[in-house]
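This briefing concerns a protein model and the ligand placed in it. Please examine the structure below with attention to the surroundings of the ligand and to the pockets.

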Amino acid sequence: MEKLRIAFLGSGSMGGAIMSGLIDAGYPKELISATTKSEESAAAWREQGISALSVETTPDANALIAGDADLIVLGVKPKQIVDVLRELSGEVGKNAVLISLAAGIELATMASAIDNPNLIRTMPNTPALVGKAVTGIAPAASASQDAIDATVTLFEAVGTAIVVPEQKINALSAISGSGPAWIYYFIEQWEKIALEQGFSEEDAKKLVRGTFDGSIDLLAQSDEEPAELRRNVTSPGGTTERIIATFEESDLKAIFAKGLAAAVARAEELAGK
Ligand SMILES: NC(=O)c1ccc[n+]([C@@H]2O[C@H](COP(=O)([O-])OP(=O)(O)OC[C@H]3O[C@@H](n4cnc5c(N)ncnc54)[C@H](OP(=O)(O)O)[C@@H]3O)[C@@H](O)[C@H]2O)c1
C-alpha cells in the first residue's frame, strides 16, 4: 500500500478509528485526507496533522478530497452512501477504489449511484482503534485484483481481514461487526453478578476483565481449542461443570443464534428487502 493516497469521507467512530489505526501503524499522514460534516470535527483532525475539510464550510469537500485519492473510504452513515457516491460521480480517478464501511448497503445499490468497477463493501469493527479490527471484505465481481489486494492491505494495517462473498456479509456483520458489543455486554453482566456477590467495583473489574484478558491470551498462546481449555478447568463432578451444565440447559447457543438471526433480519430490512 506504499504511496497510496487514502481519503476518508466521513471520519467519525468507524472511519476515524481506521484512520487513527493507520496513523498509529506509521502510515504517512500526508497521504491521508478526510471529510466531516461539521467544521469542529474537521478542525480536530487538522490539529492531528490530517488534511481535513468539512461539508459545512466546503459543500463539495467530498469530491475535492476524493478527486486525487487512490482509496476512498466511505465512513458516512448508511443512508448517506448513495448521495455521497453521486457527489463523486465523474470526480474520481478511473482506478480509484471505493470502499464502503456502511452496514446494510449492497454493492448493487452502490453501483446504481456511481459508474466504477472497483466497488468494495466492508464490515470492520471498532478495535481498529487499537490495531485489532476484524474486517470482512466483499468486493464487486467487477473489482480488480489490485483493488481487492489494496483493500485487504488497508484493513490488515489495523488488524485482520478476510474476503467473503457479499451473501455472507450480514452474518459477518452480526458476528464481528457487532462483536465488540457482544463481548462488552457479557462483561457487563459478568461484573454485575460479581457485584451482587459483594465484591467492590474495583475487585469485580479485576476479577472479570483480568480473567477475560488472561483466558484470551492463554487461547492465543496455546495449541488447544477453546473446548479443550474449558475442559482443563472443568473437573468431573466439580463446580465449573455445574456452571456449564446450567448454560447448556438454558441453551445459551440458541440465544446467540437468535441474536444473530435478529441482526441479519434487521440488515435485510435496512437494505429494503
Ligand atoms: N460504529 C461501528 O462500530 C461501526 C462498525 C461497522 C461499520 N460501521 C459503519 O460505519 C459508518 C459510520 O458509522 P459511525 O458509527 O462511524 O458514524 P459516526 O460516528 O456518526 O460518523 C459519521 C461521520 O460522517 C461525517 N459526515 C456526516 N455527513 C457527512 C457528509 N455529507 N460528508 C462527509 N462526512 C459526513 C460525520 O461528521 P461529524 O463528525 O461532523 O458529525 C462523521 O465524521 C456507517 O455506515 C456504519 O454502518 C460502524
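In this predicted model, the shell around the ligand is made up of 9 nonpolar, 12 polar and 2 charged residues. Among the 23 residues of this shell, Ser13, Met14, Ser38, Ser41 and Val76 come nearest to the ligand.

**Contacts of the ligand**

- A polar backbone atom of Ser38 lies 2.7 Å from an oxygen atom of the ligand.
- A polar backbone atom of Val76 is 2.8 Å from an oxygen atom of the ligand.
- Gln80 contributes a polar side-chain atom, 2.9 Å from a nitrogen atom of the ligand.
- The ligand taken alone exposes 890 Å², of which the protein buries 79%.

**The pocket that holds the ligand**

- The ligand sits in the second largest pocket, whose volume is about 940 Å³.
- This pocket is lined by 39 residues, and Met14, Gly75, Val76, Lys77 and Pro78 are the closest to its centre.
- Two or more lining residues come from each of α1, β2, α4 (81-88), β6 (119-123), α7 (169-177) and α12.
- The lining of the second largest pocket comprises 16 nonpolar, 18 polar and 5 charged residues.

**The largest pocket**

- The largest pocket contains about 1600 Å³ of space.
- Of its 28 lining residues, Trp190, Phe212, Arg230, Ile244 and Phe247 are the closest to the centre.
- The elements giving two or more residues to this lining are α8 (179-196), α9 (201-221), α10 (226-232), α11 (239-249) and α12 (252-270).
- By class, the lining of the largest pocket consists of 18 nonpolar, 6 polar and 4 charged residues.

Notes
Residues are numbered from 1 along each chain as its sequence is written. This is a predicted model: local features need pLDDT of at least 70, side-chain atom pairs count only at pLDDT 80 or more; totals for chains, interfaces and linings use all residues. Side-chain values use heavy atoms; hydrogens and water are left out. A residue is near a molecule or strand if one of its heavy atoms lies within 4 Å of it. A polar contact is a pair of N or O atoms within 3.5 Å; within protein, one must be able to donate a hydrogen and the other to accept it, and residues adjacent in sequence count only if both atoms are side-chain atoms. Accessible areas come from the Shrake-Rupley method with a 1.4 Å probe; for residues, only the protein chains shown count as cover. On a 1 Å grid over the protein atoms alone, a cavity is a set of points where a 1.4 Å probe fits but cannot get out, and a pocket is an open set with protein on both sides within 12 Å along at least five of seven lines; lining residues have an atom within 4 Å of a point. A molecule sits in a cavity or pocket if more than half of its atoms lie within 2 Å of its grid points. Ala, Val, Leu, Ile, Met, Phe, Trp, Tyr, Cys and Pro count as nonpolar, Asp, Glu, Lys and Arg as charged, and the others, Gly among them, as polar. Grid points are joined across faces, edges and corners, and a volume is the space filled by probe spheres set on the points. Helices (H or I, at least four residues) and strands (E, at least two) are DSSP runs, numbered from the N terminus.
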